Amino acid sequence: MAAPERSLTERCLAAVREHFSRLGSEAVLGLPVPIIKDLLPHLTILQLDEVQPALNLRGISTRCGWVKVLQDMSIHKHAASFQTEDETKHEVMKLLFTFIFYGSRNHFISRNVTDSNAASLLLAAAKTIRHFVLIGRHHAAFQRLISEQLPILNLLEKNVCKVNVSLNKKLSKNRTPLVLCLLHRLLDHGAVSSLVLDMQRPLLLAWLLLRRGCQHGDLQEDRQQLLGSRSSSHSSRGSSWSPDDVLIPCKRSKMDSGLEEEGEWEESDFTMDPQDLCRTFGLSPPSGACSRGQIKSLELRMCDPESFRVLTSALPTFFSLQSLTLHSTALFQEKDVLTLAWALKHLSASGRSLITHLNISVLPNAGLMEVLLDACPRLTSLQTEVHAIMWGLPISSNSPPTADSNVSELPLEKLTVQFKLHTNLYFLLSVLRRSPRLGRLHLSGIRLPTGSALSSLLNTLAEWNRRLKTLHLEDMKLSDCLPELLHLLKDCELEDLRLSDCRLLESCVDKDGGLQQLVEALKTLPSLHTLSLAQNRIARSVWVLAELFSGPAPSSVKRLDISSNFIRPPELLRFAKRLAGLAAPQGLVLDLRENPADRDPDTWTAALQRLELVAALLVEGWKSTDTMVDHVSNM
């Protein structure tokens with residue numbers, strides 16, 4: 001089938017791209033603004049990078065051009081989800097650098113990267129990226145970077161603030177110093193303060209944590225303490241937990257069990273001083289001496305028992321750490337969480353703790369949330385997943401805990417908790433009552449026993465958490481506590497409200513009337529700018545949402561998400577006609593993704609044409625016949 005013939009405008013824009021170097025950027029920048037905006041999606045990466053500074057000075061964003069590049073890369077299905085020009089460009093450059101640096105190929109690279117422009121593209125990307133991904137099997141790329149591409153390495157040292165390390169199971173002895181040298185250059189001579197380890201490498205973790213938090217003490221002694229702590233974890237398994245497990249690591253010169261797990265990595269590989277690493281590859285430190293950079297954010301994506309042991313041994317003197325994220329390959333046991341809490345408590349007792357963010361998955365019971373919060377009294381952000389309820393409380397005990405004047409107030413400002421299985425609200429409500437400064441709350445997956453409702457949660461939020469700015473409730477049943485929800489909305493300062501997959505209208509006999517009550521309550525919130533009602537089976541009642549913008553005091557919502565609501569074309573058209581006659585705010589963004597447009601494409605298109613006059617649309621079609629959503633939504 002022949003490709004459709006391009007319009008004259010498209011031909012002209014393509015010609016500008018093809019002959020950009022001959023025309024010169026000044027000629028392009030001299031075009032009328034509407035033509036420049038049409039041209040941006042047609043420009044190459046290097047052309048966009050060249051014209052962006054001048055366009056930004058004129059108040060013109062190049063975001064649409066970078067979004068088009070992401071779409072061409074066929075990697076991001078939701079390229080439009082990157083909200084700013086800077087975010088979108090950075091994502092493009094990070095992917096481009098990774099592809100070229102590691103020699104990866106896909107259809108985009110094959111069409112756009114040649115031998116003549118590869119160096120220029122790599123250099124342009126290195127000037128922009130802030131996140132570097134180190135993939136261990138590509139030792140040849142690291143060798144080139146250190147021996148042949150020093151300008152690139154210097155740019156990475158200057159610009160990269162986050163490193164993600166992903167190493168294969170075996171790394172030969174002669175390649176280990178190469179990886180360590182590169183990490184040393186980025187972490188110790190660069191601007192990196194955020195480290196992500198996507199692997200199980202206790203030896204490497206120990207080497208990386210040496211002297212990171214505490215700038216005193218003997219390097220070799222610190223090393224033996226961290227590495228030796230791995231062995232004590234074997235002997236302590238199966239015994240009762242003790243604070244000494246954290247505070248008194250066992251030293252030994254060789255880790256026989258660890259060597260088997262590390263493959264070809266050996267303990268001797270990690271005895272090299274950072275300054276010796278630089279000399280090995282002929283690199284001179286900028287200051288003439290090698291220091292140990294500080295890690296402010298640490299994420300372990302596969303935290304095995306030995307890595308956990310190394311970390312908890314380092315925590316009491318990890319004075320630079322501000323954010324800690326732990327993802328275990330298995331469920332954290334209660335003993336593990338208590339060990340972590342003890343290490344955090346000792347760090348806090350030093351008076352030098354800077355940790356404000358903790359992300360740990362998965363907690364075996366909800367009561368451990370308070371244990372961690374009490375152990376780290378400066379914590380302002382906690383994110384976790386809870387799998388079960390234990391600690392002797394019956395599953396039906398959902399009443400709020402009695403206020404205790406002896407319980408200290410928590411400084412918590414952000415809380416994200418995902419629940420699995422049936423949930424006991426007791427400990428969650430206790431945390432909420434102790435957190436009057438809470439500004440952002442995200443809860444998902446709450447399942448209560450038959451006959452129980454989430455009214456106690458909503459009442460607690462209304463009484464104790466009046467500073468909430470962002471509230472995300474997801475995958476829970478709110479249809480039987482609509483009065484409590486309306487009460488919560490009457491006296492709050494919410495700016496971002498997302499009620500996703502909350503079955504809002506399930507218990508309403510009059511679904512239009514129930515939604516109308518919610519709309520009237522939302523209109524009383526002048527601070528609200530983002531509203532998501534995704535996955536709530538709104539369907540035929542969607543027209544009611546247009547009433548958000550009716551009356552003498554219309555809503556100030558600027559982003560409305562009604563995706564995945566089984567809104568069919570006739571229903572969307574009714575919504576569009578109603579919205580067109582109302583005072584929708586300027587700059588309204590309307591998310592209509594994952595609704596069955598294929599049921600009646602012509603009517604759907606007619607609805608979109610009306611909506612485009614009053615809102616920016618996010619639309620991605622899907623085939624309703626491929627899913628059971630249409631059946632479930634009409635049950």
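User: How many residues of helix α13 (residues 202-209) are buried?
Analyst: This is a predicted model, in which local features need pLDDT of at least 70, side-chain atom pairs count only at pLDDT 80 or more, and totals for chains, interfaces and linings use all residues. Residues are numbered from 1 along each chain as its sequence is written, and side-chain values use heavy atoms, with hydrogens and water left out. Buried means under 20% relative accessible area, exposed over 50%, and partly exposed in between, with a 1.4 Å probe and protein chains only. Pro202, Trp207 and Leu209 are among the buried residues of α13, and the count for this mostly covered helix is eight of eight.

User: How many helices and strands does the protein have?
Analyst: Helices (H or I, at least four residues) and strands (E, at least two) are DSSP runs, numbered from the N terminus. By that assignment, the protein has 27 helices and 15 strands.

User: What share of the contacts with a separation of 6 or more joins residues 24 or more positions apart?
Analyst: Of the 635 residues of the protein, 51% count as buried. A contact requires heavy atoms within 4.5 Å. Among contacts with a separation of 6 or more, the share from residues 24 or more positions apart is 79%.

User: How do helices α20 and α21 lie to one another, roughly parallel or roughly antiparallel?
Analyst: Axes are lines fitted to C-alpha atoms, for helices over the stretch in contact, and angles run from 0 to 180 degrees between N-to-C directions. Helix α20 (residues 368-375) packs on helix α21 (residues 426-433) at about 30 degrees, and the axes are 9 Å apart. Angles under 35 degrees count as roughly parallel, over 145 as roughly antiparallel, 65 to 115 as roughly perpendicular and the rest as oblique. The arrangement of α20 and α21 is therefore roughly parallel.

User: Which residues of α21 are met by Met369, Glu370 and Leu373 of α20?
Analyst: The partners in α21 are Phe427, Leu428, Ser430 and Val431. Ala, Val, Leu, Ile, Met, Phe, Trp, Tyr, Cys and Pro count as nonpolar, Asp, Glu, Lys and Arg as charged, and the others, Gly among them, as polar. On that basis, the residues of this contact divide into five nonpolar, one polar and one charged.

User: How far apart in sequence are the parts tied together by phenylalanine 97 and phenylalanine 132?
Analyst: Rings of Phe, Tyr and Trp (its six-membered ring) pair if their centres lie within 6.5 Å, and planes under 30 degrees apart count as stacked, over 60 as edge-to-face and the rest as tilted. Eight aromatic pairs are found in the whole structure. Phenylalanine 97 and phenylalanine 132 form an edge-to-face pair, 6.1 Å centre to centre with 70 degrees between the planes. Phenylalanine 97 lies in helix α7 (residues 85-101) and phenylalanine 132 in strand β1 (residues 131-135), so the separation in sequence is 35 residues.

User: Which residues form one aromatic cluster with Phe97 and Phe132?
Analyst: Phenylalanine 97 is buried at a relative accessible area of 2%, and phenylalanine 132 is buried at 1%. Their cluster also contains Phe101, Tyr102 and Phe142.

User: Which residues outside four places in sequence does alanine 341 contact?
Analyst: Alanine 341 belongs to helix α19 and is buried, with a relative accessible area of 6%. Its C-alpha atom is separated by 5.4 Å from that of leucine 372, 31 residues apart along the chain. Beyond the neighbours within four places, alanine 341 contacts Val371, Leu372 and Ala375.

User: Which residues does threonine 325 touch, not counting those up to four places away in sequence?
Analyst: Threonine 325 is found in strand β5 and counts as buried at 9% relative accessibility. The residues touched are Leu298, Glu299, Leu300, His357 and Asn359.

User: What is the omega of the cis peptide bond from serine 361 to valine 362?
Analyst: Most residues other than glycine have a negative phi, and most peptide bonds are trans. Valine 362 lies in strand β6 (residues 357-363). For the cis bond from serine 361 to valine 362, omega is near 10 degrees.

User: What is the phi of glutamine 535?
Analyst: Glutamine 535 lies in the loop between β12 (530-532) and β13 (559-561), and counts as partly exposed at 41% relative accessibility. Its phi is positive, in a residue other than glycine, and is near 60 degrees.
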